[in-house]
Amino acid sequence: MKENYLISVLGTQEIGGERDSVELTTTGDYYEKNSKRYIVYKEYDEENPQVSNLSTIEIDGDTVTVIKSTPYESRLILQKAVRHQCHYSTMFGDLSVGVYTDSLEDSLHDTGGELFVSYTLDFNAGLVSKNEIQIKVKKKEVD
């Protein structure tokens, strides 16, 4: 990875009325290939900084796919007003979860921009959580 972009991710999750947020600012890649845009970055384990998880956000028109790899792979497909069954791995095993996207706002352009997605997760047709992801992408300033 060239890591020429500054990537800020704000994720919020609401479960049973309790709201929690996670914020991450890192460097990564942002590019277009075959009419799709990609945001790629590594997330590091807080307890073991030598362990990283590669995150890839693929934007293809009105569909955003969030792909997390190693150690637990997951693929969430986010498409406004559409429910998808998605694969989600945890340390306890693999799950199939329903993902329904309420809102998807894409203002990404050639040099960066923002992406906002609001969605729910369900398991066995029961609501698990309400989630939001806000991603800001900005070209890194050269030192």
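**Exercise 1. The β2–β3 hairpin**

Task: In this predicted model, find how many residues lie between β2 and β3 in their hairpin, and which residue in the turn has a positive phi.

Solution. 
- Step 1. Locate the strands. β2 covers 18-33 and β3 covers 36-44.
- Step 2. Look at the link. The hairpin has 2 residues between β2 and β3.
- Step 3. Check phi in the turn. Asn34 has a positive phi of about 55 degrees.
- Step 4. Check Ser35, which is in the loop between β2 and β3. Phi of Ser35 is also positive, near 65 degrees.
- Step 5. Most residues other than glycine have a negative phi.
- Step 6. Decide whether Ser35 is buried or exposed. The cut-off for exposed is over 50%. Ser35 has 63% relative accessibility, so Ser35 counts as exposed.

**Exercise 2. Strand pairing around β3**

Task: State how β3 pairs with β2 and with β4, and name a facing residue for Asp29 and for Lys42.

Solution. 
- Step 1. Take β2 and β3. They run antiparallel and are joined by 6 bridges.
- Step 2. Val40 in β3 stands opposite.
- Step 3. Turn to β4, residues 52-60. β3 and β4 pair over 8 bridges, again in the antiparallel sense.
- Step 4. Leu54 in β4 stands opposite.

**Exercise 3. Leu127**

Task: Describe the surroundings of Leu127.

Solution. 
- Step 1. Leu127 lies in strand β10.
- Step 2. With a relative accessible area of 57%, Leu127 is exposed.
- Step 3. Set aside neighbours within four places in sequence. Leu127 is then in contact with Thr120, Leu121 and Asp122.
- Step 4. Compare sequence and space. Gly16 is 111 residues away along the chain, yet the C-alpha atoms of Leu127 and Gly16 are separated by 9.5 Å.

**Exercise 4. The cavity**

Task: How many cavities of 30 Å³ or more are there, and what classes of residue line the largest cavity?

Solution. 
- Step 1. Count. The search of the whole structure finds 1.
- Step 2. Give the volume. The largest cavity has about 40 Å³.
- Step 3. List the lining: Ile57, Val64, Val66, Leu78, Leu115, Val117, Ile133 and Ile135.
- Step 4. Assign strands. β5, β9 and β10 each supply at least two lining residues.
- Step 5. Sort by class. The lining has 8 nonpolar, no polar and no charged residues.

Technical notes:
Residues numbered from 1 in each chain as written. Predicted model: local features only at pLDDT ≥ 70, side-chain atom pairs only at ≥ 80, totals over all residues. Heavy atoms only, no water. 1 Å grid on protein atoms, 1.4 Å probe; cavity = no way out; pocket = protein on both sides within 12 Å on 5 of 7 lines; lining within 4 Å. Points joined across faces, edges and corners; volume = space filled by probe spheres on them. Helix = DSSP H or I, 4+ residues; strand = E, 2+ residues; numbered from the N terminus. Nonpolar A, V, L, I, M, F, W, Y, C, P; charged D, E, K, R; others polar. Buried < 20%, exposed > 50% of the residue type's maximum accessible area, 1.4 Å probe, protein only. Contact = heavy atoms within 4.5 Å. Pairing = 2+ DSSP bridges.
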